Amino acid sequence: MDLDVFVSAHRAEWDRLEALLRRQRRLTGAEADELVALYQRTATHLSLIQSSAPDPQLTGRLSQLVARARSAVTGTRSASWRDVTRFLTQGFPAAVYRSRRWWVPTALLSTVIAALLGWWIGTHPEVQSAIAAPGELRSLTRPGGEYETYYSSHPAAAFAAQVWTNNAKAAAMCLVLGIFLGLPVLWILLENMLNLGVGIGLMSSAGRLDTFLGLVLPHGLLELTAVFVAAGTGLRLGWTLVDPGPRTRRSALAEEGRAALGMAIGLALVLFVSGAIEGFVTPSGLPTWARIGIGILAELAFLAYVFVLGGRAARAGNTGDLEAHERSAAVPTAA
């Protein structure tokens, strides 16, 4: 492309766009239509120059023009309660629903691993002795031992806040570290399942597995589901780096990364609920069946939220990403 000829042919359009952007008064309808048309044309010109005959000075001027024009065309707005409602009823559940093919298998496989670890530890005394001395094991598993008093050792509100903070941090790490091909996510998952497996194994060897499950299930169902969702989404983000599909790797990572960021906020709310259950319900004097029942109801409510509300939003085209007008403009590139 002859850059001088191209500039001569389109300079008048760029100057006209700049003049419209400098207008202090409100544009007429015809001028607004002209501004939109010139913005679209200038964006295409910028793309052609960048791909065929990059010139730093001209590219800088057109980039600034396109950015200013886009701001004028789309306008600016502040977040509102409508955005919050749309996120909670459409964006977040749709993003979780879209990731179901990653987090559901992650949940099933992780649960099997924890159960197998618990069986192995519970049926092999030599493994138990490698974990801790006999006296320490008795201190952990006896009635009124550390496994039981853990949930009532601190004031409920402070304990719930601490649990929520730790779990939200773990979920956020799964989402963020997924970009490293998902390897750190696998380690976080393994660490969580190992802790769960040790508890299952030690308490079952002491004949007190029912007590352990009565303490873990009320909050653990929802808490672990949130961790599995975060882990599955992190693994999906890592796989996007390997196989972006029909999208460019950059646009695929941007789209999935924005959705993952939104999921971090949504999962923090889910973990707030599980933290409240762990702080106030798990150590309460309610009978075991009532505490477990509350945990099951919370889990079923979340699954219905994802598969009913999220499924409907996903089928309507919601991906959990930003709205189209909120994303960076994508301009065509020359072949």
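Helices here are DSSP runs of H or I at least four residues long, and strands are runs of E at least two residues long.

**View 1. Transmembrane spans taken from the UniProt record, shown on a predicted model.** The unreviewed UniProt entry annotates residues 102–121, 170–189, 221–239, 259–277 and 289–308 as "transmembrane region". Residues 170–189 are 75% helix and 0% strand, with end C-alpha atoms 10 Å apart.

**View 2. The largest cavity and its lining.** The model has 1 cavity of 30 Å³ or more. The largest cavity holds about 60 Å³ of space. Its lining consists of Ala 95, Arg 98, Ser 99, Thr 233, Arg 236, Leu 237, Glu 256, Ala 259, Ala 260 and Met 263. By class, 5 of the lining residues are nonpolar, 2 are polar and 3 are charged.

**View 3. Helices that contribute to the lining of the largest cavity.** At least two lining residues come from each of α4 (81–98), α11 (209–242) and α12 (249–281). The largest share, 4 residues, is supplied by α12.

**View 4. The crossing of α11 and α13.** Helix α13 spans residues 288–315. The axes of α11 and α13 come within 6 Å and cross at roughly 15°. Angles under 35 degrees count as roughly parallel, and α11 and α13 are therefore roughly parallel to each other. The crossing of α11 past α13 is left-handed.

Technical notes: Residues are numbered from 1 along each chain as its sequence is written. This is a predicted model: local features need pLDDT of at least 70, side-chain atom pairs count only at pLDDT 80 or more; totals for chains, interfaces and linings use all residues. Side-chain values use heavy atoms; hydrogens and water are left out. UniProt positions are given in the numbering used here, feature names are shortened, and annotations may be inferred rather than shown by experiment. On a 1 Å grid over the protein atoms alone, a cavity is a set of points where a 1.4 Å probe fits but cannot get out, and a pocket is an open set with protein on both sides within 12 Å along at least five of seven lines; lining residues have an atom within 4 Å of a point. Grid points are joined across faces, edges and corners, and a volume is the space filled by probe spheres set on the points. Ala, Val, Leu, Ile, Met, Phe, Trp, Tyr, Cys and Pro count as nonpolar, Asp, Glu, Lys and Arg as charged, and the others, Gly among them, as polar. Axes are lines fitted to C-alpha atoms, for helices over the stretch in contact, and angles run from 0 to 180 degrees between N-to-C directions. Angles under 35 degrees count as roughly parallel, over 145 as roughly antiparallel, 65 to 115 as roughly perpendicular and the rest as oblique. A crossing is left-handed if the near helix is turned anticlockwise from the far one by less than a right angle, and right-handed if clockwise.
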